[in-house]
Amino acid sequence: MATLPQTHHGLHVSDIERTKAALRKLGYTNTQPGAPEPLEFRNVEGDPIGQRTAHALGDRYITHYIENPETGHQIDLIQIEPGFIQPRPSREPSQGDLTIGVPVNDPWAAYHTLRDTDGRDTFSEPVECPEEDGIRFYGSDGQDFIFTRRPAAPFAIVHYSSHGFPRAKRFYEEVLGYSVVPIASPVPGADRYRLEGCGGRMELEVRDDVVVPDYAKTAKRYAGANHFRLLNIDMARVSTALAADPSLGGFLLGPFENGFAFLYGPTNETPECFDMGMFSRAMAGASSR
């Protein structure tokens, strides 16, 4: 397994311990390797990350990623203080949010295990998702999941409104340097695109009825809000492009000397990005083992 998986998907949850316990039943680790449990960030002097992200995540939040060692899928769980949580903009994923594809042995059994272990009654009933050989449902915090039958790989779909997508496309192509390629859509009334060059399976779905949040109000402070990881970035290109047109996004954190940066895009997407050097080193390390 690669040391730097692209399939790392952020998920804002209301109860990080309950969610970790439920996902552990599906084969995910209970802790983030090498990190205190949980990681805490605060909007105070001496915590530069907490200070920089407070406007989006509040004055205190905790986080931990968990990983399924068999599939390489990571879910980065973030719990925000109750006083900063905003209502979900819509039942379905709003602009910039994800549908997360999770490989499991038996989608229906995995759904019941997750729901029964979590114990909350906010799960939706699953519906068949034949195009992914699995089922689709909303989890306890409103996250849209597809449980796909293994050996399928983990994946994510980012959702966009028809109005916002042209700016998002410019962000992916002009800033990040990827190709946005049209593909056949399994969803009636939606357009689907593949993000080529990002290091894994990432798709963009565009519909007329996708809700656009009030970013100034909600930021990423609602349950089920998401971020995602992108690899193989030319960070110098990113810096130049954002300096030339700040309307296309900016740096939330970094860029750092190790080639990592957390970006925000023009349409509520927040990718954590790794430059080409780090990606190459990770792949070299994986192939040498």
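This is a predicted model: local features need pLDDT of at least 70, side-chain atom pairs count only at pLDDT 80 or more; totals for chains, interfaces and linings use all residues.

**Entry 1: the second largest cavity**

I sorted the lining of the second largest cavity by class and got two nonpolar, four polar and three charged residues. My classes were these: Ala, Val, Leu, Ile, Met, Phe, Trp, Tyr, Cys and Pro are nonpolar, Asp, Glu, Lys and Arg are charged, and the others, Gly among them, are polar. I noted the lining residues as R88, P93, D97, L98, G142, Q143, D144, G224 and N226. The volume of this second largest cavity is about 30 Å³.

Residues are numbered from 1 along each chain as its sequence is written, and side-chain values use heavy atoms, with hydrogens and water left out.

**Entry 2: my search rules**

I worked on a 1 Å grid over the protein atoms alone: a cavity is a set of points where a 1.4 Å probe fits but cannot get out, a pocket is an open set with protein on both sides within 12 Å along at least five of seven lines, and a lining residue has an atom within 4 Å of a point. Points are joined across faces, edges and corners, and a volume is the space filled by probe spheres set on them.

**Entry 3: the largest cavity**

How many cavities of 30 Å³ or more are there? I counted two. The largest has a volume of about 110 Å³. It is lined by 14 residues, and L11, T19, L114, S140 and F145 are the closest to its centre. I found that β1 (8–13), α1 (16–24) and α3 (107–118) each supply at least two lining residues; here helices (H or I, at least four residues) and strands (E, at least two) are DSSP runs, numbered from the N terminus. The largest share, three residues, comes from α1. By class, the lining of the largest cavity has seven nonpolar, four polar and three charged residues.

**Entry 4: the pockets**

Next I turned to the open spaces. The largest pocket holds about 950 Å³ of space. Of its 43 lining residues, I marked T53, H227, L252, L253 and F262 as nearest its centre. Helix α2 (residues 48–57) gives the largest share of this lining, five residues. The classes are 21 nonpolar, 16 polar and six charged.

The second largest pocket has a volume of about 280 Å³. Among its 17 lining residues, E92, V127, R136, Y138 and D144 lie nearest the centre. Two or more residues each come from β6, β7 (134–138) and β12. I listed seven nonpolar, one polar and nine charged residues in this lining.

**Entry 5: the strands**

In which order do the eight strands of the open sheet lie? I read β6-β7-β8-β5-β9-β12-β11-β10, with mixed pairing (two strands pair if DSSP finds at least two bridges between them). The edge strands, β6 (127–129) and β10 (179–183), each pair on one side only.

Strand β9 (residues 155–161) pairs with strand β12 (residues 202–207) in the parallel sense over six bridges. I saw that Y160 stands opposite V206 in β12.

Strands β14 (residues 250–253) and β15 (residues 260–264) pair in the antiparallel sense over three bridges. F251 has L263 in β15 as its bridge partner. Six residues lie between the strands of this hairpin, where G254 takes a positive phi near 85 degrees.
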